[in-house]
Amino acid sequence: MHSASSVLPPWADELVTLYESDAASQFIIHGNVEDRVLIPAAAGDSGATLGNLEEFLAEVLLPTFDVVLSYDLGNGIRVVKGREIFYAWPFLKEGGTLPRKPHPAIETLTRYFRYVANLQHLGGEIIQVACWIRGAHLVAPQLRGGTHFESDAAGMLLRTWATDLMLTGHPLATFLITENLADLHPLVVGCPRAARIEVPLPDVPALGAALEVLADEHPRAFSDVDDLGSVAGELAGASLGSVEILVRIKHHEREPLERDDVVALKKDLVEADCGGLIDFVQSEVDLDDYLGPEALKRRLRQDLALWRRGDILALPKGYLLCGPVGTGKTFLAECLAGEAGVPVVVLANFRDKWVGSTESNLETIFRLLHALGRCFVFIDEADQTLGKRDAGSGDSGLSGRVYSMIAQQMSARRNRGRIIWILASSRPDLIEIDLKRPGRVDAKIPLFPAATPEQGFALIRALAGRYGLGIPEDALDELSDTLPELITPAAAETLAVQTYRLAATEDLDPVEALERQLATYRNPVPRDVLEAQMRLAAREASDHELIPEAFRYLVDD
């Protein structure tokens, strides 16, 4: 097997090391397996090219193998290399056929592997054989509940390829290709003799190398690009396939690839690669836009200063934003990301009704997060989204599996300083305590409504200013009798919008328009609900300095 580690991506280098050390002969290749792959130039060739994973296996990792076979549901068994050797197999010479259906096909391949192993054992020719199964999860899918003969039998045979001493003692390499481990039969995934090799989304160096290839093939798209490295940095998180499509379109339209194009299109590329499982937000606001306590903004800016310096020892892995509905939890997350200059990934519709699909969707999302470099992951309504350690049998254990997968990612050491989780909830008491512990959520930040009518007026006034409504400071005296208590930013925003609407449609002075709106205002959240959620937020706070003085009574025992 090819072993020139200097030209191999890390995942392929790991695979070669495991095979050549006899540590493994079966490899479950998962992750970004549908993407384009950079294929290094062979001796005498002019340069690298972009191909698919199978081409990479055949041309880069398996050029010394005598027979290379492949199988997938559409094409059946195919001979990629060594056709004459393979068809010398007595089974085929005597009229045997190559079946297309999964179980018979896997049986036939197993039979051939045993044949070449027996041939070597009897002192005959040593035939080095490799085989990959494309879409292995379709051959041996994970089907929860009951017995599924075809799937179980295929899973058992694939596991045999890695555990049978006769087969492992022969120069045999097998590759099971699937996008997500959650889709593959547990007999295969759980095999201790099978190595799991994850193909990640391309990092910035890999994107840069691919852009060099694409620049040679499609020069018109790069006519205004001086630094391919900076373009690669902007595209972090996108697949090579989506980048190639973008470049081809630009080249065809005779338009140069510009930075604004890259920034605008990255969102579409990333969301398309993730199949709508996430929303990708490039924040255009920062903490200057957040109308909140200065103590809170000072604390967050201290964290970001550490992040910029790469000093991650005291950097939180995650934040919990808790407070009543309408207190600006989502907006604060966007401001924090904008201040940091990193994207926000919002988990969207990753839950699915089909067995195994939710876990598969989460694997896809985590793969994207690792490729993005630095980013914030925002989970709204975290008490509902994150699942429960033990949710009973009502959902066949799905909630517990979601909880376990997310908890593992939140505490992973490799994510510190790269991925910061932001959970938002008005009911933090319903979030599993293990998810809120230090090492997953290190800072729990309470958010509150305006503590006094004066603070509420300042909030309304600032938001009204964004709509071009100039409300003077001295209007406070005129409006003091109608200003509500405990007004939230969301409610203040609504008041500002309605004030603008009234002023614009009835040609009123902004103060008069606001006074009329306040006269009929009703808090959208019942007072008892608001106070209960405030108490939960105050008691959850990791630092009492973040609780305004007016609300510290909420935690006094």
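## H16 against H18

H16 passes H18 in a right-handed crossing (right-handed when the near helix is turned clockwise from the far one by less than a right angle, left-handed when anticlockwise). Helices here are DSSP runs of H or I with at least four residues, strands are E runs of at least two, and both are numbered from the N terminus. The axes of H16 (residues 357-372) and H18 (residues 398-411) come within 10 Å and cross at roughly 10°; axes are lines fitted to C-alpha atoms over the stretch in contact, with angles from 0 to 180 degrees between N-to-C directions. H16 and H18 are therefore roughly parallel to each other (angles under 35 degrees).

On the H16 side, Thr-358, Glu-359, Leu-362, Glu-363, Phe-366 and His-370 meet Leu-398, Arg-401, Val-402, Met-405, Ile-406 and Gln-409 of H18, where contact means heavy atoms within 4.5 Å. By class, this contact of H16 with H18 has six nonpolar, three polar and three charged residues (Ala, Val, Leu, Ile, Met, Phe, Trp, Tyr, Cys and Pro are nonpolar, Asp, Glu, Lys and Arg charged, the others, Gly among them, polar).

This is a predicted model, so local features need pLDDT of at least 70 and side-chain atom pairs pLDDT 80 or more, while totals for chains, interfaces and linings use all residues. Residues are numbered from 1 along each chain as its sequence is written, and side-chain values use heavy atoms, leaving out hydrogens and water.

## H5 against H7

H5 (residues 102-121) and H7 (residues 149-163) have axes that come within 10 Å and cross at roughly 20°. That makes H5 roughly parallel to H7, and H5 passes H7 in a left-handed crossing. The contact of H5 with H7 has nine nonpolar, three polar and three charged residues. Among the residues that meet are Ile-106, Leu-109 and Phe-113 in H5 and Ala-153, Leu-157 and Trp-161 in H7.

## Two positive phi values

Most residues other than glycine have a negative phi. Glu-381 goes positive, at about 50°, in the loop between strand S12 (375-379) and helix H17 (382-385). Glu-381 is partly exposed, with a relative accessible area of 40%.

Leu-486 also has a positive phi, about 55°, and sits in the loop between helix H20 (475-479) and helix H21 (489-506). Leu-486 is buried at 7% relative accessible area (buried is under 20%, exposed over 50%, partly exposed in between, with a 1.4 Å probe and protein chains only).

## The whole protein

The protein has 23 helices and 14 strands, and 50% of its 557 residues count as buried. Its C-alpha atoms fill a box of roughly 100 × 60 × 45 Å along the principal axes.

Notes. Angles under 35 degrees count as roughly parallel, over 145 as roughly antiparallel, 65 to 115 as roughly perpendicular and the rest as oblique.
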